[in-house]
Structures are given as C-alpha cells and as structure tokens.
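Please keep the model open while reading.

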Amino acid sequence: MEQRHISVRNGLFSTILRSGGHGEPLLYLHGVLGLGDTETFLTELAQNFTIYAPSHPGFGTSTGLDHIDDIFDLVVYYNDFLDALELESVHVVGHSLGGMFAAEFAALCPQRVRKLILVSPLGLWDDGYPVLDFFALRSADYPAAFWSDPECAAATAMHGIAADREGQLEAFLSRMQSFGSAGKFLWPIPDRGLKKRIHRITARTHIVWGADDRLTPVHYAQTFQQLIPGATTAILQKCGHLPMYEDCASFTGVVCEFLHS
C-alpha cells in the first residue's frame, strides 16, 4: 500500500491516504482508533479492489478538522476528497465512527456510493442499549471494551505497552488526538440525527457486526437493518468491535462476497 498526502479544497485540508490494489474503487473509512502503519485486512482487500483509506481530518497527520463544524461539513469534505481523486463513485466500507460517516455520506450523496458496508457503525442511540462511553475508559480497560478476546495476538499488538518511555508517550498522545477528534462527532452521545436521514440510503447495504461487541451493542445491527431499505446483516462470531483485526479472514470474506454479488 502506498502512503501519500492529498490536497483537498486547494490545500484547506491535507489528507494522509493509503492506497493500492486493483479492481473497483473501495473507500475505507476508519474507526475511532484511526489507522495503523500496516493493516493486513486492507492488504487482503487490495487483491480484489483498489483501496483508498484516508485518515479523517484530525487523525494522524491529516489536517483541516478546524474547518469542519458538524456532520454535514464532514459529508461535503468527503465529496471534495473524492473529487480530488477524480472518483465519481465508490464502494464504501465504514467502521465504527467511519461507519457513521459512511451512512451519512450514503444518505446525503447516494449517487457517489455503489455498495455500502457498515461495520459496527455508530450514529444511532437507544436508551435501552447505550453505547459504551469509551472516552471515560482507563487505558487498561480498552482491550476488554474493543475485543472479544482481550488477550488475542491482535489485541496485544494494538494495546501492548511500548518498552521505552518515548514509545509509551507517543502511543498515549496519538490515542488522545484520535479520541479528541472523534469527540467532535460522538460526544456526549454518538447521535447527530442520522435516524432522520438514513431512509435516503439507496445503495445496497450490508451490516457487519461482532457478536461480542461490548462497545456498540449488537442490538444496533437489527436497528440499522430495519432503517435501511433492503439491508442485510452478517454477525461474526468470536469478534468484538474490531472484527477486521480479530478475524481478518472472515471479515475480508464477508466484504468480498457482498461486493462481488
């Protein structure tokens, strides 16, 4: 996967982009933890699709979050981002926060979305099934919140404590930056009115959820399916909020099967 910066709206935004592969274009919108340096599931998907995986404004070294006031500005930004890449329409896969962005984008700009996959998306709220307030979690509690098996290799690699003090500080600051940027759209609750617009999604949609998701209850999979006309659902067993890491093979299999159907 190649990494480069993309200028959006005449330099108002500078977006770090990972891209590569061959086939139909697939826009991947990441979740609250951002993107790592190497993402196995994106490399696997690049065997079948041309992947475009940007870091949202305010995540990593992507800039321009101060020019986004609300979810509607964010949708306009992703329109401009696709224009900068000269892409008329794309498949969209959005996870968590990125799933919220993907659903809003598909509802407001249906002509730009070919097929839509929402992976444990945020964006809806039910008082009976509250989304976990991960902003208030201690670092030691992250693994149990995000993973089905907090001791699996992927969890250890993502949440392991760096051996040196500099590495520990860098990891802490990166996570705080990501959470601070995510808070613009998720705090105090992850609801910016998507329920009033979600019926406008016309792209064929597949909802993917980890059966053991402790951050966003699997109850919401049924809610999203009911609100999006014709949507289908896949529940991945022994997966938490990060199925693309916890069971990469099952996740990429589900994505490829749906997008090729």
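Leu242 touches Leu33, His95, Phe146, Trp147 and Met158, leaving aside neighbours within four places in sequence. The model is predicted. Leu242 sits in the loop between strand E8 (232–236) and helix H8 (243–246).

**Leu242**
- Leu242 has a relative accessible area of 3%, so it is buried, the cut-off being under 20%.
- Its C-alpha atom is separated by 8.3 Å from that of Ser120. Along the chain, Leu242 and Ser120 are 122 residues apart.

**Thr15**
- Thr15 belongs to strand E2 (residues 13–21).
- Its relative accessibility is 0%, so Thr15 counts as buried.
- The Thr15 side chain makes a polar contact with the side chain of Tyr77, at 2.6 Å.
- Leaving aside neighbours within four places in sequence, Thr15 is also in contact with other residues, including Arg4, His5, Ile6 and Val8. Pro54, Ser55, Ser62 and Phe81 are likewise among its contacts.

**Helices H2 and H3**
- The axes of H2 (residues 71–84) and H3 (residues 97–108) come within 10 Å. They cross at roughly 80 degrees.
- H2 and H3 are therefore roughly perpendicular to each other, a term that covers angles of 65 to 115 degrees.
- H2 contributes Ile71, Phe72, Leu74, Val75, Tyr78, Asn79 and Leu82 to the contact. H3 contributes Met100, Phe101, Glu104, Phe105 and Leu108.
- By class, this contact of H2 with H3 has ten nonpolar residues, one polar and one charged.

**Helix H9**
- H9 (residues 248–260) has 13 residues. From first C-alpha to last, H9 reaches 18 Å, close to the 18 Å expected at 1.5 Å a residue.
- Buried residues in H9 include Cys248, Phe251, Thr252 and Val254. Val255, Cys256, Phe258 and Leu259 of H9 are buried too.

**Backbone geometry**
- The peptide bond from Trp187 to Pro188 is cis, and its omega is near 5 degrees. Pro188 lies in the loop between helix H6 (165–186) and strand E7 (204–210).
- Glu86 is not a glycine, yet its phi is positive, near 60 degrees. Glu86 occupies the loop between H2 and strand E5 (90–95). With a relative accessible area of 71%, Glu86 is exposed.
- Ser96 also has a positive phi, about 60 degrees, although it is not a glycine. Ser96 is in the loop between E5 and H3. Its relative accessible area is 1%, so Ser96 is buried.

Note on methods:
Residues numbered from 1 in each chain as written. Predicted model: local features only at pLDDT ≥ 70, side-chain atom pairs only at ≥ 80, totals over all residues. Heavy atoms only, no water. Helix = DSSP H or I, 4+ residues; strand = E, 2+ residues; numbered from the N terminus. Expected span 1.5 Å × (residues − 1). Buried < 20%, exposed > 50% of the residue type's maximum accessible area, 1.4 Å probe, protein only. Axes fitted to C-alpha atoms, helices over the stretch in contact; angles between N-to-C directions. Parallel < 35°, antiparallel > 145°, perpendicular 65-115°, else oblique. Contact = heavy atoms within 4.5 Å. Nonpolar A, V, L, I, M, F, W, Y, C, P; charged D, E, K, R; others polar. Polar contact = N/O pair within 3.5 Å; in protein donor to acceptor, adjacent residues only side chain to side chain.
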